[in-house]
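Here is a friendly walk through a handful of spots in this structure. Have a look at it first, and then we'll go through them one by one.

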Amino acid sequence: MTLDEFNHYGYSRRIFRETLRDVSINNFNAGYHLNTWFLAIMAALTLFSGIGVFPSAFFPVYAFFAALSAVCEIASLRIRKYDLDTMGDDGNRIIRTLSHGIMANLLAFGVAASVVDPAMVATSFLVIMVIVAIVFMETMVIMSFRLALFGGILVISSFVTKEPVFAAGDAVNVIIFLAGALILHFMFQREKMGRFITARMLEESRRELKVQSTFDSLTGMLNRPAFYELASSILRDAQNERVAFLAFDLDDFKNVNDSFGHKRGDATLAAVSAAFREEIGMNEESWDFMNQTLNDGSNFAARLGGDEFIIAARGLSNENAAHEMAQRIIDRIGLICVDWESGLYVSASVGIAMSLGGRPTTVDELCQLADERLYKDKRNNLH
């Protein structure tokens, strides 16, 4: 194991960086629960020292850290209202900063508790140091520096405020517990890293399978089942939204395959589909494409099979607008050259069917009507 791998709990720097969001969320959730527990203890200790159950000299320390914990608690509660998995870089920095603040607050209390009672060994600090090492993730370098920094502050404070025998005891205990805390830190965080990596791999596999089951591999457009599923959801939920189905079929495409080969035919289909996607502003392949498109009102297209394509255009005011869109697309794909030597360009026929807002219409009904008009257009083009 190299030093770099040791610093990242046995994994490479690249793998560790790929899990940074998981690390940040882990630290935030751990910090939130620890801070809640710490706030409850500080509130109780503040109360007891205020009414004289504990020495009144402790009251300012307890009250101060209770106030800091309350601020962290309020900030944590506000952040927990959001989905941590979808927070951007700014949100990620916020939760990292808050987690670091909670860690520092806990360790600082351990130092202060030792200083305020010079006759006691630094038990609180030693316990907190181990808890922080087990619960929070950083890197070995950062965590070692943080714990050594606060441990050093404690030892210096002990020699300033305590009898030499107590200060020497604190120094020995800090060294022993620091070594143990760092060993535990590596063991626990290495195990967490393994879980994060496994979960990420499973999620990536799930998303890849989702993409494969949603999109046509050749054209990058939706496949038939995905189109029917998405279009059905839109038609079912639509209130006054008009949805136009534009069915396209490439003219005499069989001749392209027969004359120039299937490789040229596949390249033509890919070029046509790229023109479709660009014309309607269809997003790139995404595992969450279905939900995104359902919610944002955007257009989408599919390859139904062979050289048959269909577009679902949303937000068009009337059928004339749908015809104008269809003509723009036909003009655009008409610029695609199949073969330069023979001067063969792509041409297509189109059929349009539009749902009426507020009237129940099924995908099958619209597709059937669009197909009928498509083949009527194709017959007209042949004459």
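This is a predicted model: local features need pLDDT of at least 70, side-chain atom pairs count only at pLDDT 80 or more; totals for chains, interfaces and linings use all residues.

A residue counts as buried when its relative accessible area is under 20%, as exposed when it is over 50%, and as partly exposed in between (1.4 Å probe, protein chains only).

Residues are numbered from 1 along each chain as its sequence is written, and side-chain values use heavy atoms, with hydrogens and water left out.

**Two residues with positive phi**

Back to Asp252, which sits in the loop between strand S1 (243–250) and helix H10 (253–260). Helices (H or I, at least four residues) and strands (E, at least two) are DSSP runs, numbered from the N terminus. The phi angle of Asp252 is near 55 degrees, a positive value in a residue other than glycine.

Tyr9 also has a positive phi without being glycine, this time near 65 degrees. Its place is the loop between helix H1 (3–7) and helix H2 (13–18). Is Tyr9 buried or exposed? Tyr9 is buried, because its relative accessible area is 0%.

Thr214 belongs to helix H8 (residues 164–214). With a relative accessible area of 4%, Thr214 is buried. A polar atom of the Thr214 side chain lies 2.6 Å from the backbone oxygen of Lys210. Setting aside neighbours within four places in sequence, Thr214 is in contact (heavy atoms within 4.5 Å) with Met221, Leu222, Asn223, Ala226 and Met290.

Asp216 is found in the loop between H8 and helix H9 (224–237). Asp216 counts as buried too, because its relative accessibility is 15%. Which side chains does the side chain of Asp216 meet in polar contacts? A polar contact is a pair of N or O atoms within 3.5 Å; within protein, one must be able to donate a hydrogen and the other to accept it, and residues adjacent in sequence count only if both atoms are side-chain atoms. One partner is Thr219, at 2.7 Å, and another is Arg303, at 3.3 Å. Leaving out neighbours within four places in sequence, Asp216 is in contact with Met221, Leu222, Asn223 and Arg303.

**Two helix pairs**

Two packed helices are described by the angle between their axes and the distance between the axes. Axes here are lines fitted to C-alpha atoms, for helices over the stretch in contact, and angles run from 0 to 180 degrees between N-to-C directions.

| Helix pair | Angle | Axis distance |
|---|---|---|
| H11 (residues 262–280) and H13 (residues 319–333) | about 140 degrees | 10 Å |
| H3 (residues 20–50) and H8 | about 125 degrees | 10 Å |

Angles under 35 degrees count as roughly parallel, over 145 as roughly antiparallel, 65 to 115 as roughly perpendicular and the rest as oblique. That makes H11 oblique to H13, and H3 and H8 are therefore oblique to each other.

For H11 with H13, the contact is made by Val272, Ala275, Phe276, Glu278, Glu279 and Ile280 of H11 and by Arg328, Ile329, Arg332 and Ile333 of H13. For H3 with H8, the contact is made by Asp22, Val23 and Asn26 of H3 and by Lys192, Phe196 and Arg200 of H8.
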